[in-house]
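Let's take a look at how two protein chains sit against each other. Have the structure open while you read.

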Protein chains: 2
Amino acid sequence: MVRKSASGRIGIADVAVKAGVSHATVSRVMNGNFTVDPEIAARVRAAAAELKYQPNPVGRSLALGKTDTIGIVVPDLANPTFQAILRGLSRAAAQDGYRVLIADSFEVSSEESILAGEARRRCDGLVLCAPRMSDAELEEIAPSLRPLVLINRTTAAAGVPSLVVDYGQGVQDIAEHLVDLGHSRLAFLAGPPRSASNNLRLQGLEAFKAAHPQVQVTMLEGGSDFNTGHEAVDAVLESGATGILAFNDLVAMGLMSGLHERGLDVPGDISVTGFDDIPFAKYTTPALTTAAVPITELGEQAWHQLRALIRNEESDAPGSRYQPRLEVRASTGPAKAARTAVHG
Amino acid sequence: MVRKSASGRIGIADVAVKAGVSHATVSRVMNGNFTVDPEIAARVRAAAAELKYQPNPVGRSLALGKTDTIGIVVPDLANPTFQAILRGLSRAAAQDGYRVLIADSFEVSSEESILAGEARRRCDGLVLCAPRMSDAELEEIAPSLRPLVLINRTTAAAGVPSLVVDYGQGVQDIAEHLVDLGHSRLAFLAGPPRSASNNLRLQGLEAFKAAHPQVQVTMLEGGSDFNTGHEAVDAVLESGATGILAFNDLVAMGLMSGLHERGLDVPGDISVTGFDDIPFAKYTTPALTTAAVPITELGEQAWHQLRALIRNEESDAPGSRYQPRLEVRASTGPAKAARTAVHG
DNA sequence: CCCCGAGCAGAAAACGCTTTCTTGTTGACC
DNA sequence: GGTCAACAAGAAAGCGTTTTCTGCTCGGGG
């Protein structure tokens with residue numbers, strides 16, 4: 001009848017009693033300390049096995065000052081981009097014996113720093129994913145969150161590496177591709193206003209416009225999901241553009257679906273591009289031209305940076321920059337003769 | 001110069017010293033215990049604020065015997081179904097102040113029980129999502145994992161509620177729908193062999209076949225992702241079926257993409273159905289007919305069941321059963337005249 | 001034969017918090 | 001004015017580990 005007095009669970013004390021040794025010896029055996037007599041060690045191991053003893057990680061964490069857990073804060077777990085990052089992070093961390101705790105801020109930027117703080121205190125490190133908070137706030141709380149790795153955001157705070165995707169370059173590549181196909185009237189379906197990655201895209205487009213003054217680029221309000229694209233059909237048609245750069249693949253899919261409902265052909269009438277190259281992009285009809293971001297790898301790299309920070313506090317990791325790769329598929333094609341605004 | 005001797009972080013002791021009171025009093029104040037003189041409480045609060053004191057959750061967890069964290073074990077974080085469950089679970093748990101720790105078994109069923117045990121020990125409860133392990137193994141470890149909630153799996157072990165989706169009924173509904181459209185030759189693109197939900201679908205199809213002996217139903221090997229569907233085009237065409245039930249929406253999308261490449265029209269030549277109604281299903285071209293599973297709600301309900309278990313150990317929650325809802329869209333249509341096997 | 005170092009295991013402190021137990025003070029009631 | 005209840009705050013005991021410190025025993029060398 002194995003039973004622990006208080007908690008109901010069996011602890012190190014039970015094993016110690018059963019093996020007729022002290023707590024300390026049990027601990028030593030469980031941690032592979034070789035300064036224990038082999039015969040006693042065997043007895044302890046036998047007792048532990050018989051009682052199905054499993055060390056309590058909370059007690060262990062308190063004594064060791066580490067939890068073998070990292071946290072990740074994302075603005076929206078429904079977004080495939082963040083899901084992919086989470087997946088890459090989780091997989092990489094698991095290989096080193098770390099688990100991941102997730103915190104979803106639901107795009108409420110005011111909650112972000114509290115959430116991040118709470119998560120950080122339970123973990124050995126934190127990944128802050130595309131935070132929506134202001135630069136000032138980020139810089140202020142960053143030091144208290146270290147070891148910290150940023151994704152798609154940078155900060156002036158010291159010792160905080162960032163992994164950023166060069167959305168500006170990516171969007172320029174896409175625009176160039178459309179121009180090469182003969183499109184001279186483009187439109188950009190923007191993303192969430194607070195998103196740093198959206199700003200990078202806008203900067204990229206400014207650079208593009210400067211280099212191609214003859215191309216007309218219309219800016220349209222937007223968001224980051226299907227509906228944004230689906231509901232933007234009217235605005236897109238009114239713009240008269242023949243080449244549409246959607247904020248991401250989801251928006252592009254929503255847009256294509258809306259265009260299809262109106263009886264318009266992609267890319268015959270209008271060319272559409274996405275961004276991210278989520279797995280679905282290859283299987284839309286027509287397959288989506290997009291800029292591929294090695295997003296799972298980003299999560300993986302985030303772990304590697306964080307691991308370096310956790311292991312030796314002073315590895316001032318530099319962070320790195322990822323170049324999207326243009327992925328030309330069937331949703332873009334040669335421009336028709338110049339169109340004028342079309343309704344419904 | 002605020003600095004804690006050992007850990008570098010400031011603890012309850014620092015606040016106590018600064019406020020000129022004992023540790024106990026600080027703890028009482030921080031936990032809203034009203035048996036403290038208001039004036040002293042104010043002093044403590046001021047000290048805590050000035051030092052930016054934040055209680056260490058690990059110490060707290062050890063003392064209280066709870067972590068305010070729950071775990072979820074999924075077979076594959078890349079699967080949109082599990083992502084949606086995770087999202088619903090995380091959101092619901094967050095509203096009650098709980099966080100979630102994720103564990104991905106990467107479809108390695110032998111790792112599952114170890115992973116589950118480790119996760120459970122760090123948490124107050126566990127959600128086991130479509131576990132791939134055997135019934136025997138599940139029943140054996142279930143008691144040690146309680147409070148435990150199962151998703152898409154049941155067990156004879158006591159006090160373990162399950163949330164299951166009636167995939168059998170769903171697949172029958174879809175098949176009926178195709179028959180109503182005049183299809184008499186169907187094919188089922190199966191999912192992963194170890195998946196319990198796949199078995200439920202197969203049982204549903206058996207029931208369907210019994211009720212409709214005149215309908216021919218071909219079984220095809222499969223999987224759960226895009227590629228499965230894309231690579232199944234040949235097998236599908238050889239089967240001569242005009243109505244295809246894909247294991248899930250991903251497989252259906254892969255299949256539609258493959259059919260499109262072969263120049264076949266959906267639903268003109270072949271009708272295709274999915275399962276799950278992931279957000280993408282509405283935006284494929286043609287929009288996908290599928291069986292909608294309230295998957296995010298499933299995650300939410302999982303939390304509610306788990307919460308009941310955590311709060312009063314003896315609330316023997318019954319678990320519940322979810323009925324998929326047929327969602328007819330544009331990927332299914334009237335059958336053409338009977339086709340014979342077509343190649344290439 | 002005695003002393004000292006090495007080696008091994010138990011005792012105890014530490015990790016940071018909560019909570020019970022204890023003590024000292026105050027106020028009320030007889 | 002004395003006794004006792006009520007109460008507020010400090011002391012200390014946990015929670016389950018790890019790890020340092022201490023002490024004991026044994027073997028070897030002087």
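## How much gets buried

About 4,100 Å² is buried between chain B and chain A, and carbon and sulfur atoms give 67% of that. Buried area here is the accessible area (1.4 Å probe) that two parts lose on being put together, summed over both.

This is a predicted model, where local features need pLDDT of at least 70, side-chain atom pairs count only at pLDDT 80 or more, and totals for chains, interfaces and linings use all residues. Residues are numbered from 1 along each chain as its sequence is written, chains are lettered from A and ligands numbered from 1 in the order written, and side-chain values use heavy atoms, leaving out hydrogens and water.

## How the copies are related

The same surface serves both copies, as 100% of the contact residues of chain B recur in chain A (contact means heavy atoms within 4.5 Å).

## Where the strands meet

Strand E2 (residues 99-104) of chain A runs antiparallel to E2(B), and 3 bridges join them. Strands are DSSP runs (E, at least two residues), numbered from the N terminus, and two of them pair if DSSP finds at least two bridges between them. Leu101(A) has Leu101(B) as its bridge partner.

Conventions. Helices (H or I, at least four residues) and strands (E, at least two) are DSSP runs, numbered from the N terminus.
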